[in-house]
Amino acid sequence: MSTIPSPSPAALPAPLSADEPDAGVLARSAEQTAVTVLTAAAPHRLADVVPAPREVRPDPAADWVLPADAVITVSADPAATAVAEHLAELLRPATGYPLPVADATTPDRAGGIALVLDEATDLGAEGYRLDITTDGVRVTAATAAGLFHGVQTLRQLLPATIESPNQVTERWALPGGTITDAPRFPYRGAMLDVARHFFAVEDVLRVIDHLARYKLNHLHLHLTDDQGWRIAVDSWPKLTSVGGATEVGGGPGGHYTKTDYARIVSYAADRHITVVPEIDLPGHTNSALVAYPELAPDKIAPPPYTGTEVGFSYVDPADERTYDFVADVLGEVAALTPGPWLHIGGDEAFKVKGEVYTGFVERVQRIVADLGKTVVGWHQLAPAAHLDGRVLQWWGTDSADPTTAEAVRQGARLIVSPGNHAYLDMKYAPDTPIGHDWAGLIDVRKAYDWDPGTHVADVPAEAVLGVEAPLWTESVTSLADIELLLLPRLPAIAEVGWSTRATHDWADFRDRLAGQGPRWTTAGITFHRAPEIPWPTTPVIPTQRDTTQTDTAAH
Ligand code: TNX
C-alpha cells in the first residue's frame, strides 16, 4: 500500500474520549427511543480499513461530515441502485437520517454520497475508487460488486457508533482523501459446516453479513456429512426427513427447504457473495446411508451417527444406483445454485482406495461438468484425472504435496485453506472453550502471517484462485460460538486474500483490527478479545441503557 501518512494527531482537532464527563450525554427523543449524544471526535485515519486497501492518499483538508439531509445518488442501474439501498439501510439506524436514494440524473445533488458506475474504471471486476472531498463522497467502480466493496470501506471510515441499531447523535465525520482498491485474488471465502450442527437460516444470513464487511465473496456451505443431510432433494426425500434429523451430540438436526436455500443464496447475492454448495462424496455419507441403505456397500442401514469420528462411511462405488443418486442430488442442487461452483468433497474417504476412488471421482467430476458447473473438491481429488477448470481446495498443514502440485501442473486451480492458518475451528489458545487443535493453535497472528501465493510448494501464485477459511462445527452449537471463532480471525484471512502483499505488516494490521472491536461491540456481535490485539478500552456508546453492550462485554 502506498500510504501517504496522515498528519500527526496534534494537527487534528483533539479527539474527546467518550468517558470524559462532557463527551457524552444521554438524551431521549420524543418517541422515547434511546438516543445517545456524542460530541465531535476526529475522523478515523483514511488507512484504518480492513482489509488494507491497495492505495490510500489522505487529504486532511478534505474531511467531510455527513449532513442530516444527505442524499445518496446512484447511476441508473438496478444492481447499483441495490447497493445504494444497502448503504442507506446501513446508515439509517444510527444516524436517524432519511438518506433517500435518488437517480444520479436528479439535479441539485451536490453534498451527498454518489455511487457511480463507470465502465472505464480500470480496477477489475471488484475494484473501486473512493473519493472523500469537502463536497461529499463519491464511490466509482466498473461493477456493482466494486461499488459494494467501496461501500464497506466507507462504512468502516465512519465513527464506530455507525454500527448502533439505535439512533446516536454523532458527528458523522469521514477522513478526506482517495482510496484506490482492488483484490489480489478473485476467490475469497469462508465455509460453514451446517452438517455437524445445523444452523438456522437467520444464523447463516448473519455469517453472510460478516463476510460482506470484509469483502469476502464466497460462502461455502458444507451441506452433508455423517451426522446430517441438510438440503432438500425432491427425488430422494428421505435424505432430509431421515438423514436430516440428527446432529453431533444427539440434537434434533434440521435441514434447509429449497425455499430456505434460495433465501440464503439471494441474501448472499445481494451482498455480492456466491454460495458454493458442498455434497461430500464418497465418504462422509452416513446420513445418506441411514436414509437409503441401497447406497451402502452391504445394503444394510447403519445406525445414525452423532459422534465426531471421520472416514468410516461411503456410498457404494460399485453400484450404478449410486451414480443415479449422485446425478439426481447434484442436478437438483445445481438447479438451485446460480453460482458456477459445485463442491463434491472427496476428503477422508479412507475406505475407498486407489483406482476405485479415482474412478468414482472421475465419474462425479464428469456429472458436474455435464451440469454446466465447475467442480471443486478437497485436494484429495488430485490423483483423479484432470478435468478442465477443476478446482482443488488445499487443507494440508505441511505446505507440500507432490500429487496436488502435479494436478496444478495439469491445469487445476487451487483454493488455499491451510489447516494450520485458515481453519477457524482451531482453538486460539489452549483455554479456548470450543474448537479443535489437531492442526495446532491458531492465534490471530498465525491466521494473518502466511502468503497464499507461495504457501503450497510448486504451486505458482497464478494457479491460486484464492483463499477460504473453513469453520467445522463439531463443537460449535450456537451463533455466539460461530462468532467467537470467526472474529477476529476472519478479517485476517480476508486481508490475506484481498490485500496486495506489499501491505502485509503485522503491527499495522493489529492496530487496524483493533478498531473493529468497538464496531462489533456496538453491533452486538460476539468476538474473541485476542490478547495480542490492542483493543480500545473506552466504550463507544457510554451508559446508554442497561442492555447496552460495551466493548468490555464480549469474550
Ligand atoms: C477434517 S478438513 C475434515 C472435517 C473435520 C475437520 C475438523 C476436511 C476436508 N475434513 O471432516 O470436520 O477436519 O477440523
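Modeller: Let's start with an idea we will need: a polar contact is a pair of N or O atoms within 3.5 Å. Keep in mind that we are looking at a predicted model.

Biologist: Thanks! How far is a polar side-chain atom of Arg196 from an oxygen atom of the ligand?

Modeller: The distance is 2.8 Å, so the pair falls inside the 3.5 Å limit for a polar contact. Two other side chains can be read in this way. In Trp438, an N or O atom of the side chain is 2.7 Å from an oxygen atom of the ligand. For Glu348, the distance from a side-chain N or O atom to a ligand oxygen is 3.2 Å.

Biologist: How much of the ligand's surface does the protein bury?

Modeller: Think of the ligand taken alone, where it exposes 360 Å². The protein buries 96% of that area.

Biologist: Which residues around the ligand come nearest?

Modeller: There are 14 residues around the ligand, and the nearest are Arg196, Tyr423, Asp425, Trp438 and Glu474.

Biologist: Now the rings, please. How many aromatic pairs does a search of the whole structure find?

Modeller: The search finds 20. Rings pair if their centres lie within 6.5 Å, and planes over 60 degrees apart count as edge-to-face. Take Tyr187 and Trp341: their centres are 5.9 Å apart with 75 degrees between the planes, an edge-to-face pair.

Biologist: Why does this pair tie together parts that are 154 residues apart in sequence?

Modeller: Because Tyr187 lies in strand S14 and Trp341 in strand S19. Both Tyr187 and Trp341 are buried.

Biologist: And what is the arrangement of Trp395 and Trp438?

Modeller: Their ring centres are 5.9 Å apart and their planes stand at 90 degrees, so this pair is edge-to-face. Trp395 lies in the loop between strand S21 and helix H9, and Trp438 in the loop between strand S22 and helix H10, so the pair links parts 43 residues apart in sequence.

Biologist: Where does the charged end of Arg363 sit?

Modeller: It sits over the ring of Tyr323, 3.7 Å from the ring's centre. Likewise, the charged end of Lys215 sits over the ring of Trp498, 5.7 Å from its centre.

Technical notes: Residues are numbered from 1 along each chain as its sequence is written. This is a predicted model: local features need pLDDT of at least 70, side-chain atom pairs count only at pLDDT 80 or more; totals for chains, interfaces and linings use all residues. Side-chain values use heavy atoms; hydrogens and water are left out. A residue is near a molecule or strand if one of its heavy atoms lies within 4 Å of it. A polar contact is a pair of N or O atoms within 3.5 Å; within protein, one must be able to donate a hydrogen and the other to accept it, and residues adjacent in sequence count only if both atoms are side-chain atoms. Accessible areas come from the Shrake-Rupley method with a 1.4 Å probe; for residues, only the protein chains shown count as cover. Rings of Phe, Tyr and Trp (its six-membered ring) pair if their centres lie within 6.5 Å; planes under 30 degrees apart count as stacked, over 60 as edge-to-face and the rest as tilted. Helices (H or I, at least four residues) and strands (E, at least two) are DSSP runs, numbered from the N terminus. Buried means under 20% relative accessible area, exposed over 50%, partly exposed in between (1.4 Å probe, protein chains only). A charge sits over a ring if NZ of Lys or CZ of Arg is within 6 Å of the ring centre and within 35 degrees of the ring normal.
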